[in-house]
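Visitor: I've got a model open and some time to go through it. Can you walk me through the main features?

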Amino acid sequence: MSRHAQFGLGVVCLSLVVLSMGAVRRAPGDVSRGLPAGDGPLAAGTITTPTLWFVEMQSAPLAETKTNTRAEESKYIQKLRKEKRAFRVAAAAAGIGFRQRYSYDVLWNGVALTVEARDVLALSRLPGVANLYPVVATDAPEPAVAYSPGDSAPELFTAITMTGVVEAHSSGWTGAGVRVAIMDTGLDYNHPDLGGGFGPGYRVVGGYDFVGDAYNSSDPDHTTPHPDPDPMDCAGHGTHVAGIVGARGTITGVAPDATLRAYKVFGCTGTTDTDVMLAAMERALADGNQVLNMSIGSAFSWPQYPAARGADNLVNRGVVVVASAGNAGANGLYSTSAPGVGKKTIGTASVDNNRVHVPAFARSDGSLVGYAPMSFSPAFPTSGTVPLVDAGRGCTIDGPLPPAVAGSVALMVRGTCSFREKATNARNAGAVAALIYNNSPGVFFGTLGSAFDMPTAGLSREDGLALVAALPLSITWTAMLTDAPNASGGLISSFSAFGLSPDLSLKPDLSAPGGLIFSTLPLAQGGYGLNSGTSMAAPHVAGAAALLLQARPRTNSQTARDILMNSARPGLWFGSPALGLLENAHRQGAGLLDIDAAIRSTTKVTPGKIALGETENHPITSAITVENNGSTEVTYDLTNAPALATGPNTFAVRFFSADPRVAFAGPQVTPPANEWDPYTLKVPAGGSTTVNVTVTESPFLANGGIFGGYVVLTPLGGGRASRVPYAGYRGDYQSILVLNPAASTFGNPLLRPDKNLGASGPVTIDPTAKETAKVFFHLDHQVRRLRIEAFDYASGRSYGRLGEIGYVERHPTPDAFSYLEWDGRTKFGLLPDGAYFLRLSIQKALGEDNPGDWESWDSPVITISGSTGGEPLP
């Protein structure tokens with residue numbers, strides 16, 4: 001159960017390639033209930049060879065030092081830059097050519113560079129190199145659906161009625177004087193709701209474009225950033241996020257008087273890279289921002305990843321950092337994204353909006369029915385009457401659609417096949433539009449994946465079934481909008497990622513509205529629109545942090561998260577809220593944000609969450625400090641509110657009622673008189689006390705399950721309760737099988753001569769012909785170390801370690817693979833002709849240096865033929 005410091009990368013005589021055999025993630029706009037909801041196969045991944053790397057130097061970055069003066073900081077930075085100069089000299093001496101993209105001194109110590117795959121091996125051997133991390137491409141956000149706001153109450157558009165924001169505004173807390181940075185696709189500062197201008201005197205006082213409009217890290221022709229000082233948004237996502245943070249005009253954001261800065265890290269389309277994000281973090285710190293929102297991230301990450309570590313160091317330097325938890329909920333447990341997985345960042349989960357502001361059509365009786373246009377759908381008509389026809393599921397396997405669909409609107413039920421397949425079949429049958437109603441409660445916001453030529457939208461299940469029951473009927477398109485109630489409002493969004501962090505920290509931290517949020521868009525895209533994702537949840541929290549800093553200006557970046565978490569409200573399980581069971585603590589964190597309660601609270605509990613780690617079937621005791629900042633003594637009831645647990649299967653998430661037991665002890669704690677009464681705690685005015693919290697796991701939860709709940713402190717005589725979430729892993733964490741042989745029909749790992757997944761077997765390579773042996777592997781879970789070694793096949797003599805990579809993420813699906821290539825070289829040079837084998841070993845997360853915490857696999861024979869290498873080692 002030990003934890004280790006960051007580990008240096010070994011000699012890597014191989015290149016790493018990722019091959020996804022299945023789906024990587026569900027589209028972030030899909031906010032249906034369920035895991036997942038059966039919208040057809042997810043997009044297959046691609047084969048990529050990393051040539052862009054973070055190279056970490058040995059010394060700590062400036063933000064992790066105790067320098068006290070500018071002179072000391074300057075001296076330390078010169079030391080870091082001297083390390084980098086020495087690295088460049090060493091690289092040149094070794095004949096390694098590279099192109100440096102960024103250099104970092106403050107939040108992280110290292111460089112980001114592009115290097116040929118064949119030189120990664122030598123790069124890792126250079127003196128002064130502590131570790132290498134691949135720079136990860138981050139997907140472009142789903143486009144929002146644009147339409148006019150109409151005449152409905154603006155506070156409903158961004159769901160601020162759910163989070164105590166309206167009450168905080170009525171008390172005068174609007175974020176005035178607080179500087180909030182938004183790292184995203186830029187920001188349309190000309191939008192009247194965002195101030196109508198750029199620079200001093202405007203709401204958006206500054207920012208920077210780190211990449212240029214044409215940048216797309218997934219397009220080989222546009223991977224070079226072309227920065228400029230103008231962060232104008234040409235994609236839309238950043239403007240939508242900014243409106244949630246601080247719109248003031250037609251719609252109202254969380255912090256409508258906050259000062260904004262925009263840091264653009266995406267081009268108009270495509271992906272960005274995490275090295276760009278880290279550079280933007282350093283600029284955000286230098287510009288003096290107090291809050292940073294990052295609705296961006298890469299799933300399955302460790303908190304040691306540079307983007308997460310950089311975010312943590314921003315907090316160390318006084319910035320409240322809020323990041324989206326990620327949209328990989330359909331990919332199972334341990335799926336939280338970096339930087340949101342950072343130890344000090346506020347990783348934010350998403351709940352669905354209570355009401356959805358959507359366009360509407362009219363039934364014959366004049367009643368309005370709201371619909372959610374899908375991403376990539378063309379605009380719907382705003383006039384005209386057309387028949388509605390039940391087209392069933394609309395899938396190809398069901399045969400032709402009814403002839404009556406021609407010239408009508410096809411009404412179909414969600415499931416079995418993709419939205420695009422349904423819409424395509426309806427269009428081919430002559431339909432003029434498609435309406436797809438949900439197969440679980442509530443409306444949903446879907447995507448067609450790419451541009452489509454027929455209007456297509458989603459409906460709630462309730463509205464869809466009512467329309468089917470009323471057939472035959474015609475509907476009339478209107479230019480009106482309606483605020484439709486959402487049956488899944490306040491429940492965790494289906495796309496929202498699960499924790500825990502790979503180091504068993506409790507993640508996410510908080511929840512906020514992110515499903516079906518109406519906000520600003522660039523004026524060129526219509527000005528307003530609907531989008532979904534944890535991307536929309538994070539800015540609710542960033543705006544709330546601005547209100548907190550205005551109302552309680554002495555709050556520091558280290559404690560802001562605790563204050564927000566103490567006042568949050570845990571929500572009910574999305575699967576069946578009528579059961580009254582609480583949603584997993586490792587999915588909703590502390591619960592739904594309530595900023596008004598956070599500002600008004602006089603109780604503070606630190607830490608704001610409890611990570612139990614791996615229990616190994618023993619009770620775990622943790623200490624919390626309870627502060628009473630009020631003017632009178634307070635007596636609290638101390639109780640336990642268990643949340644649902646999840647079972648041991650990472651990819652197929654199942655839910656269980658675990659009911660862990662909690663006991664309290666401390667100098668001011670009074671035990672209960674009987675088992676039905678609560679513990680009590682007295683804290684004097686202006687005082688504090690320590691409480692030991694002992695959690696005992698349920699014996700009915702299977703080993704490998706994740707359980708949790710909430711420590712609840714309720715003031716006697718009235719007042720808002722404070723809560724502290726806890727979560728832990730039942731049993732021995734290192735018992736997780738990582739190299740799962742069931743990952744493919746051929747087994748796992750595998751030795752192959754080519755880049756195709758197939759049967760494992762002997763391989764012959766000719767290094768002079770640049771032939772390589774490929775070791776395919778699948779990781780069911782994140783690993784602390786991945787190591788590969790070479791041996792003589794006959795004698796078993798070792799030729800040393802070929803490479804070792806630390807903090808490796810798990811694969812996104814149970815059938816995804818990566819592979820390592822070996823060209824016959826070791827740190828001693830090219831091996832001579834002969835027979836060899838490779839050993840792939842992994843050290844499990846939080847594992848120790850004992851055999852039980854490792855898994856290993858020996859390859860079939862690898863024959864080197866045609867080598868020009870020297871004699872074998874003695």
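**Disulfides and sheet**

Guide: Start with the link of Cys234 and Cys268: it is left-handed, with -100 degrees about the S-S bond. Keep in mind that this is a predicted model.

Visitor: Where do Cys234 and Cys268 sit in the chain?

Guide: Cys234 is in the loop between E9 and helix H4 (237-246). Cys268 is in the loop between E10 and strand E11 (272-273). They are 34 residues apart, so the pair counts as linking distant parts of the chain.

Visitor: And what is the S to S distance for Cys234 and Cys268?

Guide: It is 2.0 Å for Cys234 and Cys268.

Visitor: How accessible are Cys234 and Cys268?

Guide: Cys234 is partly exposed, at 28% relative accessibility. Cys268 is partly exposed too, with a relative accessible area of 28%.

Visitor: How many disulfides does a search of the whole structure find?

Guide: Two. The other pair is Cys395 and Cys417, with sulfur atoms 2.1 Å apart.

Visitor: What handedness does the disulfide of Cys395 and Cys417 have?

Guide: The torsion about its S-S bond is about -90 degrees, so the disulfide of Cys395 and Cys417 is left-handed. This pair also links distant parts of the chain, 22 residues apart. Cys395 lies in the loop between strand E18 (385-390) and strand E19 (409-413). Cys417 lies in the loop between E19 and helix H7 (419-428).

Visitor: Cys395 and Cys417, buried or exposed?

Guide: Buried. Cys395 has a relative accessible area of 1%, and Cys417 is at 4%. The cut-off for buried is under 20%, so both values qualify.

Visitor: What is the pairing of the bonded cysteines in sequence order?

Guide: It is 1-2, 3-4.

Visitor: OK, strands. What does E18 pair with?

Guide: E18 pairs with E19 in the parallel sense, over three bridges. Pro387 has Ser474 as its bridge partner in E22.

Visitor: Change of topic. What is the order of the seven strands in the open sheet?

Guide: The order is E9-E10-E8-E12-E13-E14-E23, with parallel pairing. Strand E9 (204-209) and E23 are the edge strands, each pairing on one side only. On average, neighbouring strands of this sheet are turned by 25 degrees against each other, direction ignored.

Visitor: Which helix packs on that sheet?

Guide: Helix H5 (residues 274-286) does. It touches E8, E9, E10 and strand E12 (291-294). The direction of H5 makes about 165 degrees with that of E8.

Visitor: How many bridges are there between E8 and E10?

Guide: Six, in the parallel sense, between strand E8 (residues 179-184) and strand E10 (residues 259-264). Asp184 has Lys264 as its bridge partner in E10.

Visitor: Last one. Where is Leu516?

Guide: Leu516 is in the loop between strand E23 (510-515) and strand E24 (517-520).

Visitor: Why does Leu516 count as buried?

Guide: Because the relative accessible area of Leu516 is 1%, and buried means under 20%.

Visitor: And how far is Leu516 from Asn131?

Guide: They are 385 residues apart in sequence, and 41 Å apart in space, C-alpha to C-alpha.

Conventions. Residues numbered from 1 in each chain as written. Predicted model: local features only at pLDDT ≥ 70, side-chain atom pairs only at ≥ 80, totals over all residues. Heavy atoms only, no water. Helix = DSSP H or I, 4+ residues; strand = E, 2+ residues; numbered from the N terminus. Buried < 20%, exposed > 50% of the residue type's maximum accessible area, 1.4 Å probe, protein only. Pairing = 2+ DSSP bridges. Axes fitted to C-alpha atoms, helices over the stretch in contact; angles between N-to-C directions. Contact = heavy atoms within 4.5 Å. Disulfide = S-S within 2.5 Å.
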